[in-house]
Amino acid sequence: MFTRQELQVIGQTLAQKRDWITKNISNTEGNSKAQMEQSLQHIESVLQKITAQLKPANGDKTSVNHYISEKSISPIRQAALTRRNELNPAQIRVLIVDDDQLICELVAAYLHAAGIHLIDFANDGMRGISMMYDANPIYDLVLCDWNMPGKSGMEVHSAMRAAERYQVTAFMLVTAVSEAKQIRAAIEDGVDDYVVKPIEQDKLLKKIARFFPNVKADSVSE
């Protein structure tokens with residue numbers, strides 16, 4: 001077990017390395033860049049753990065060194081988030097995963113009304129995972145049914161997040177499940193949002209607009 005002073009020294013060293021990688025990562029490419037991205041994520045993870053251990057106990061006014069940032073975001077992730085915020089509806093790539101063809105067609109019609117036309121479909125979870133892994137460029141938004149034969153929506157979500165390039169893709173469950181406990185558990189597992197069946201156009205588009213500000217949900221006529 002490290003002492004508090006040792007943790008602070010480790011944190012300072014890692015923070016300096018993080019800053020160096022952040023400054024130089026844009027000048028690299030290929031395998032070297034991939035290795036730097038991986039190192040950056042590992043450093044951020046360790047710094048978060050160190051920060052948690054250095055948090056003052058109740059009543060302890062000892063401060064935590066400022067160089068350790070629990071909420072810091074890697075430049076790669078920040079760039080991806082910035083890109084997502086700037087996408088116009090016509091640029092947003094969507095994957096709808098649902099074994100109900102009518103639901104697929106309904107959701108697609110709602111998206112078309114908002115100017116979103118780059119839409120692909122998967123009729124089961126396994127097919128959805130395969131399409132995500134094969135996609136180039138990647139999908140910006142995945143709308144996935146929760147309960148499907150074979151792979152469930154949560155399994156599709158886990159497979160998506162396991163791929164580094166899908167860390168910032170918005171994932172929404174389209175589901176008949178309305179029990180608060182189950183939905184809360186899904187959100188805690190990293191699902192970005194959900195929409196309950198029967199799907200209402202205005203609610204769906206307003207939720208999508210949270211992740212893509214250029215989607216004008218209010219301008220869509222009912």
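In the protein, 66% of the contacts with a separation of 6 or more join residues 24 or more positions apart; a contact means heavy atoms within 4.5 Å. This is a predicted model: local features need pLDDT of at least 70, side-chain atom pairs count only at pLDDT 80 or more, and totals for chains, interfaces and linings use all residues. Residues are numbered from 1 along each chain as its sequence is written, and side-chain values use heavy atoms, with hydrogens and water left out.

The protein has 8 helices and 5 strands. These are DSSP runs, numbered from the N terminus: helices are H or I with at least four residues, strands E with at least two. Of the 222 residues, 41% are buried, that is, under 20% relative accessible area (1.4 Å probe, protein chains only).

Now to helix α5, residues 125–134. Its buried residues are G125, G128, I129, M131 and M132. Seen down the helix axis, they fall within an arc of 165°, so they line one face of α5. The arc is taken from the directions from the helix axis to the C-beta atoms. The buried residues of α5 pack against β1 (93–97), β2 (118–122), β3 (141–145) and α6 (153–162).

Which charged ends sit over rings? The table lists R84 and R93. Such a charge has NZ of Lys or CZ of Arg within 6 Å of the ring centre and within 35 degrees of the ring normal.

| Charged end | Ring | Distance to ring centre |
|---|---|---|
| R84 | F212 | 6.0 Å |
| R93 | Y139 | 4.9 Å |

Notes:
Buried means under 20% relative accessible area, exposed over 50%, partly exposed in between (1.4 Å probe, protein chains only).
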